[in-house]
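Please keep the sequence and the 3D view open while reading.

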Amino acid sequence: MHRIAVRGIAIAACLALAVTTAACSDEAPSSGGGSTANVPGVTDTEITFGTHQPLTGPASAGYSKISPATKAYFDYVNAAGGVYGRKIKYLVEDDGYNPANTQTLVRKLVLEDKVFAILNGLGTPTHTGVLDFIKSQNVPDLFVASGSRSWNQPDKYPTTFGYQPDYTVEGKIMADYVKKTYPGQVVCHLGQDDDFGRDSLAGVERVFGASGVKEKQKYVTSMTTLAPQIGAFKTAGCQVIISGTIPGFTARGLGAAAQLGYKPQWVVSSVGADNLTLSGLLGANKGLLEGLISVGYLPIAVDESNPWIQLYKKINASNNGNAPFDNNIVYGMTVGYLTVQALLKAGKNLTREGLVKAIESGGFKNAAAGPYRFSKTDHSGIGGMQMGKISGGVQAAFGPVYETDDGDGAVKEYTEAATAPPSNGIPTDTAVK
Amino acid sequence: MTTTDRPQPSVQAKEAQPGGLSPLRRMTSGLTARQPGGSGSTLLRHLVWVLVGAVIVYFVSYGIEPFRNYQFATVAAYLCVTVGLTMLTGLNGQLSLGHSAFMAVGAYTVALLQNEFSDRNILGNWTLLVSLPLGVLAAALAGALIGVCAARLRGPYLAGVTLAVALVVPAFTTYFSSVFNADQGLSVYVEPAPAALGPYFPPERWQAWIAILCAMITLLLVANLIRSRFGRSFKAVRDDEIAAKLSGIHVARTQILAFVVSAACAGIGGGVIAVITQNVSPSVFGLTLSLNLLLAIVLGGLGSMFGAVWGALLLVFLPYLTTQMTRDVELSPSLSRNLEGNLPLALFGLILIIMMLLAPTGIQGAFRKLGMIIRRRMSRPRRSEAN
């Protein structure tokens with residue numbers, strides 16, 4: 001026994017001596033300073049971005065096509081010489097929509113791979129968990145792929161920026177449309193039991209008032225049926241259902257209503273209203289989608305006349321292996337385009353602070369229907385949306401583009417004309433001083 | 001220290017005698033019966049092991065990158081759980097698919113307490129000394145509740161009940177969403193590292209210290225428990241319940257005790273995860289985690305403490321390595337569309353199959369076998385010399 005103790009202490013002491021010499025003080029991290037020479041993830045020839053995406057798992061359907069599309073756009077820009085001579089490298093990590101994986105992967109990207117910035121990390125529950133870490137590392141956290149309002153807290157999370165319209169803005173625009181188009185009808189709300197559903201309902205109630213929404217129902221993604229919720233809507237006599245649902249639950253809602261022989265007017269969030277995804281889920285019953293009102297902020301993938309769709313289809317063919325073209329690809333490529341715009345604005349001497357400042361300078365114009373709201377005090381993304389409708393199996397946008405804020409501001413028409421992409425498909429934004 | 005020379009009580013000596021080996025006993029490679037009284041004070045021996053380990057880890061944490069520190073913190077958190085689970089399954093013969101739920105109990109308790117402290121402006125790193133033990137206590141209580149049921153159930157029925165426990169976590173957080181915030185989970189307030197450690201002290205190293213300290217304490221306590229009268233009762237119950245009953249062991253009580261201790265270990269593991277990731281949500285503690293934990297202790301070597309260490313290392317580094325290995329594979333866009341995300345999973349599965357084929361008794365079992373072969377080789381020439 002004594003022998004073991006003595007031996008152990010001897011080993012420990014030797015180790016202590018050996019390593020103390022190596023480990024003394026911690027040096028200041030070298031990310032500061034104004035020159036590009038020591039910015040993590042940036043060299044004279046390369047900029048590295050990282051992201052976490054659900055390539056596998058419950059949320060992978062559809063969403064797994066976003067990051068390859070973004071990467072394809074970067075490859076397209078790289079082939080034309082990159083941004084200020086730097087090629088863009090995009091590291092995609094699969095978190096399977098599990099926040100535990102996101103925690104590890106984002107730390108790996110930032111601490112080990114030393115990426116310049118996190119780009120378009122997907123999901124509300126997944127990304128919420130890494131906000132504090134990202135803040136502590138001072139890493140730019142660009143264009144989060146979720147409409148939670150959490151991304152717009154410039155005081156608390158100064159490097160995080162949203163991308164798509166937040167769910168409150170969306171709720172207000174949907175509700176405003178319903179109020180004008182179906183006056184006097186009974187309006188109800190179906191929402192996911194997290195920020196998505198809650199923020200959406202908050203937006204709807206800004207327009208109708210809390211008492212103006214007769215029945216409010218919630219669901220969680222582990223549920224297998226929405227029959228109880230739809231039953232409650234039927235009992236309450238709801239005529240219009242505004243719905244903050246992901247595609248799987250939009251389809252379940254439509255199915256449950258059909259089984260009850262109940263035909264309300266559905267008005268569905270952009271998140272859960274992609275015609276291609278919904279028809280895939282409903283299969284033979286896709287006729288139920290007829291007349292569904294949706295809302296969107298990007299051109300619809302089947303709109304061949306739109307110059308952005310033409311550009312994206314070309315890049316999809318040349319750099320994305322001609323993947324089946326849907327709204328997810330439009331989404332991913334627009335993220336890529338916006339990122340290149342931001343990099344161009346940040347100028348040749350790229351730093352993390354410079355990039356944040358460049359985005360805050362605002363004024364981005366691209367495929368998005370409405371304006372980007374970025375400023376020093378506003379880190380939310382696109383602020384405008386356009387209504388859409390499925391008729392004859394085809395989804396098409398109609399009417400004017402509306403814009404609003406997540407507060408009490410009115411819903412008003414956005415009159416600025418849409419922009420067309422430059423002929424070579426690469427933005428021409430110039431550096432801000 | 002004086003216990004060395006004291007004669008062992010007769011009951012203990014009787015229990016420690018290895019009888020005929022049951023099939024389960026033969027599977028658990030990590031359990032060579034130690035001669036009673038042959039190696040001195042168990043507590044002291046374990047204490048020395050743990051101290052040596054702690055000193056090594058302390059210095060290693062200075063020599064490695066922040067991300068490696070984070071990985072080691074995660075390993076330590078899982079180690080707390082695998083140690084408890086390997087005791088329950090390997091030593092007591094009870095199967096649990098519900099350990100992710102006990103981790104969730106620990107994690108949510110720590111999360112709620114930490115946030116409560118910060119809301120009341122009670123700040124400081126000492127709050128962890130309150131919230132972590134309370135997390136363990138909560139998990140132990142949950143374990144006692146399930147353990148009472150578990151003591152009446154065998155084999156697949158026990159697996160079924162514990163499976164239900166694992167599945168109930170998301171439903172629970174949804175039902176009480178005002179407290180647990182449903183699927184989105186809670187963020188956990190954790191005080192940064194003490195200022196005395198310097199302004200550029202990486203937070204990951206501080207987290208690694210907390211996690212490793214917890215793991216060392218857990219290891220020490222469980223290792224001692226296993227070598228004690230209780231540990232021998234655990235094994236006796238596993239090998240033959242009737243024989244155990246005849247020797248005066250209360251079978252149900254022993255099984256409940258094993259379950260409670262194991263749940264408490266899971267609770268501390270969950271609490272540590274809440275602290276190092278600063279976030280808890282139900283999908284972190286899903287059924288997959290339970291299955292992964294079971295996979296880890298079987299691959300590591302069922303029933304041995306070193307097996308639990310291997311298991312915890314595997315849980316963290318195997319997925320990491322498969323992702324790293326597949327990352328640099330350059331594929332055409334159309335091929336990568338189908339393979340991206342799936343390639344690491346396929347590689348992961350392949351490695352598992354190969355490991356089970358090569359080392360059916362787990363990594364620790366393989367090492368043990370290797371050690372035995374080497375020892376035999378070494379002793380053979382000596383014997384021929386004697387001839």
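Strand 11 of chain A, residues 384-391, is mostly covered, with six of its eight residues buried. The model is a predicted one.

*Pairing of strand 11 of chain A*

- Strand 10 of chain A (residues 293-296) is joined to strand 11 of chain A by four bridges, and the two run antiparallel.
- Within this pairing, A:Q386 of strand 11 of chain A has A:G296 standing opposite.
- Strand 12 of chain A (residues 394-403) also runs antiparallel to strand 11 of chain A, and eight bridges join them.
- Here A:K389 stands opposite A:A396, a residue of strand 12 of chain A.
- Strand 11 and strand 12 of chain A form a hairpin with two residues between the strands.
- In this hairpin A:G392 takes a positive phi near 60°.
- As a general point, side chains in a regular strand alternate between the two faces of the sheet.

*Chain B as a whole*

- Chain B contains 17 helices and two strands.
- Of its 387 residues, 45% count as buried.
- Among contacts in chain B between residues at least 6 apart in sequence, 82% join residues that are at least 24 apart.

*Two helices in chain B*

- Helix 9 (residues 203-227) and helix 12 (residues 251-277) of chain B have axes that come within 10 Å and cross at roughly 175°.
- Angles over 145 degrees count as roughly antiparallel, and therefore helix 9 and helix 12 of chain B are roughly antiparallel to each other.
- On the side of helix 9 of chain B, the residues making the contact include B:Q207, B:I210 and B:C214.
- On the side of helix 12 of chain B, they include B:V261, B:C265 and B:I268.
- By class, the residues of this contact of helix 9 with helix 12 of chain B are 11 nonpolar, two polar and no charged.

*Contact of chain A and chain B*

- The contact takes 47 residues from chain A and 46 residues from chain B.
- On the side of chain B that touches chain A, the elements giving two or more residues are helix 3 (42-63), helix 4 (66-91), helix 7 (155-175), helix 15 (333-339) and helix 16 (342-358) of chain B.
- Helix 3 of chain B gives the most to this side, with 10 residues.
- The side of chain B that touches chain A has 21 nonpolar, 20 polar and five charged residues.

How values were computed. Residues are numbered from 1 along each chain as its sequence is written. Chains are lettered from A and ligands numbered from 1 in the order in which they are written. This is a predicted model: local features need pLDDT of at least 70, side-chain atom pairs count only at pLDDT 80 or more; totals for chains, interfaces and linings use all residues. Two residues are in contact if their C-beta atoms, placed from the backbone, lie within 7 Å. Ala, Val, Leu, Ile, Met, Phe, Trp, Tyr, Cys and Pro count as nonpolar, Asp, Glu, Lys and Arg as charged, and the others, Gly among them, as polar. A residue is buried if 20 or more other C-beta atoms lie within 10 Å of its own, exposed if 12 or fewer, and partly exposed in between; C-beta atoms are placed from the backbone. Two strands pair if DSSP finds at least two bridges between them. Axes are lines fitted to C-alpha atoms, for helices over the stretch in contact, and angles run from 0 to 180 degrees between N-to-C directions. Angles under 35 degrees count as roughly parallel, over 145 as roughly antiparallel, 65 to 115 as roughly perpendicular and the rest as oblique.
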